[in-house]
Amino acid sequence: MKSKDLKPHIGIFGRRNIGKSSLINAMIGQEVAIVSNEAGTTTDPVKKSMEIFGIGPVIITDTAGVDDEGKLGMMRVDKSFSVIPNIDFAILLIADNEFGYYELKIIDELDTYDTPYIIVHGKSDKTKITSATKSKIRMVSKASIIEYSIYDEVSLKNLVDAIVKEMPKSVYNQKSLLKGIIKPKDVVLLITPIDSEAPEGRMILPQVMALRDVLDNDAICIIVKETELEDFFKLGVKPAIAITDSQVFDQVSKIVPEDVMLTSFSIMLARFRGNFDAYIEGTPMIDKLKDGDRILMLESCTHQVSCEDIGRFKLPNWLEKHTGKKLYFDFAAGLTKFPKSLEDYAMIIQCGGCVVTEKQLNNRLKPAIKKQIPVSNYGMAIAFVTGIFDRVVEPFRKRQ
Ligand SMILES: Nc1nc2c(ncn2[C@@H]2O[C@H](COP(=O)(O)OP(=O)(O)OP(=O)(O)O)[C@@H](O)[C@H]2O)c(=O)[nH]1
Ligand code: SF4
Ligand SMILES: [Mg+2]
């Protein structure tokens, strides 16, 4: 089962009182969102889970109207817009043939983040969309236009069909983490330290994802702690690849024979979720860091950050030791705003991002990549300071 955050995210946007919350209720088939004929009923983005036949489980986010006014209203509008970088698909709801400034602003922002969308003309029981409105839309957008009314079940079905048709399949078709790297019957060795930082009684998500992926590829999975690694190799079994937690890279790389591919969970995730090329380019810039440089560490978890020890303590220490420079570190968890403006950072280092979608991860780093600020990830940065960078990116480099 997919974790809540890995499900495709859909956002609904439009002016106040246009019927956004009513549409969510109709899609879910329950009164989950408050509806009223007073403008400004929804004040904060609200996430709901639902199942879409043909896609599977999705998260749908109701937002406040983008035409809100006043100081508080503007804050609500900002919140609605802040949803856009984190969604995979959008519904732009209009009604009464109103299509103007607010809709153009939403489309502009959706385009900035390459977010696909459909345009829904709601309340069609009262007013149908005119060809003049359609032409106006066509001047700025190629998106599908659907007529809809909460009183017309067929229109709801058409709307859901349009979402299924227009949402890119890559958003919900699970890709393989190890595709092209392993074959059926290969032995894959996962190395997972169980120290005081490891969660009680369970494995962390990247390890579980790798395990599941090995099984999906009809390969054989062996899991050991780094302390039993030498004993494993005494068994005479040669794995196709060893995937380790990057914090034990140093120890593990000395034990895993050179002719066995070696990588880490977070590097495997980096290839899976994009940004791999940017990390490959950005990581060696560690050697260019200067005294007083500031580095932003991005953790995608919010509470009980599973990789806290590595991102907040170990990696910063290793970076200072490797460079011999006095470096400053800021930390941002979840999808929160960065503590300082991007220009203040000499480098950004992202965790494996196992709990967020590809879109969320990419959009978070996009502005930094655009500004040519070097980006790396935990696994690659650790590999770099350990001196095994080329070895551990090689398995994925060959097969991009
Ligand atoms: N006739 C008609 N009325 C609708 C339709 N959809 C919603 N409404 C009505 O429009 C009003 C506003 O609906 P909401 O769903 O609260 O609108 P909203 O966009 O969420 O509004 P805010 O949260 O204030 O931004 C309510 O009185 C709904 O009953 C529709 O398809 N047809
Ligand atoms: S900090 Fe990042 S890599 Fe670690 S568990 Fe959380 S999302 Fe995954
Ligand atoms: Mg609402």
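Guide: Let us begin with a facing pair: valine 120 stands opposite isoleucine 146 in β6. This is a predicted model, in which local features need pLDDT of at least 70 and side-chain atom pairs count only at pLDDT 80 or more, while totals for chains, interfaces and linings use all residues. Residues are numbered from 1 along each chain as written, chains are lettered from A and ligands numbered from 1 in the order written, and side-chain values use heavy atoms, leaving out hydrogens and water.

Visitor: Why are β5 and β6 called paired strands?

Guide: Strands are DSSP runs of E with at least two residues, just as helices are runs of H or I with at least four, both numbered from the N terminus. Two strands pair if DSSP finds at least two bridges between them; three bridges join β5 (residues 117-122) to β6, and the two run parallel, so the term applies.

Visitor: What makes β2 and β6 edge strands?

Guide: The open sheet has the order β2-β3-β1-β4-β5-β6, with mixed pairing, and β2 (46-52) and β6 (145-147) each pair on one side only. The twist from one strand to the next averages 25°.

Visitor: How do you know that helix α4 packs on this sheet?

Guide: Contact means heavy atoms within 4.5 Å, and helix α4 (residues 131-138) touches β4, β5 and β6, its direction making about 150° with that of β6. Such angles run from 0 to 180 degrees between N-to-C directions, with axes fitted to C-alpha atoms, for helices over the stretch in contact. Helix α3 (residues 101-112) lies across β1 (9-14), β4 (89-95) and β5, at about 170° to β4.

Visitor: What makes the sheet with β11 parallel?

Guide: Four strands form this open sheet in the order β12-β11-β13-β14, and the pairing is parallel. Strand β11 (residues 294-299), for example, pairs with β12 in the parallel sense over six bridges, and methionine 297 stands opposite phenylalanine 331 in β12. Helix α13 (residues 358-370) packs on the sheet, touching β11, β12, β13 (347-350) and β14, with its direction at about 170° to that of β13.

Visitor: How do you know which residues surround ligand 2?

Guide: A residue is near a molecule if one of its heavy atoms lies within 4 Å of it, and ten residues surround ligand 2, the closest being Cys301, Cys307, Cys351, Gly352 and Cys354.
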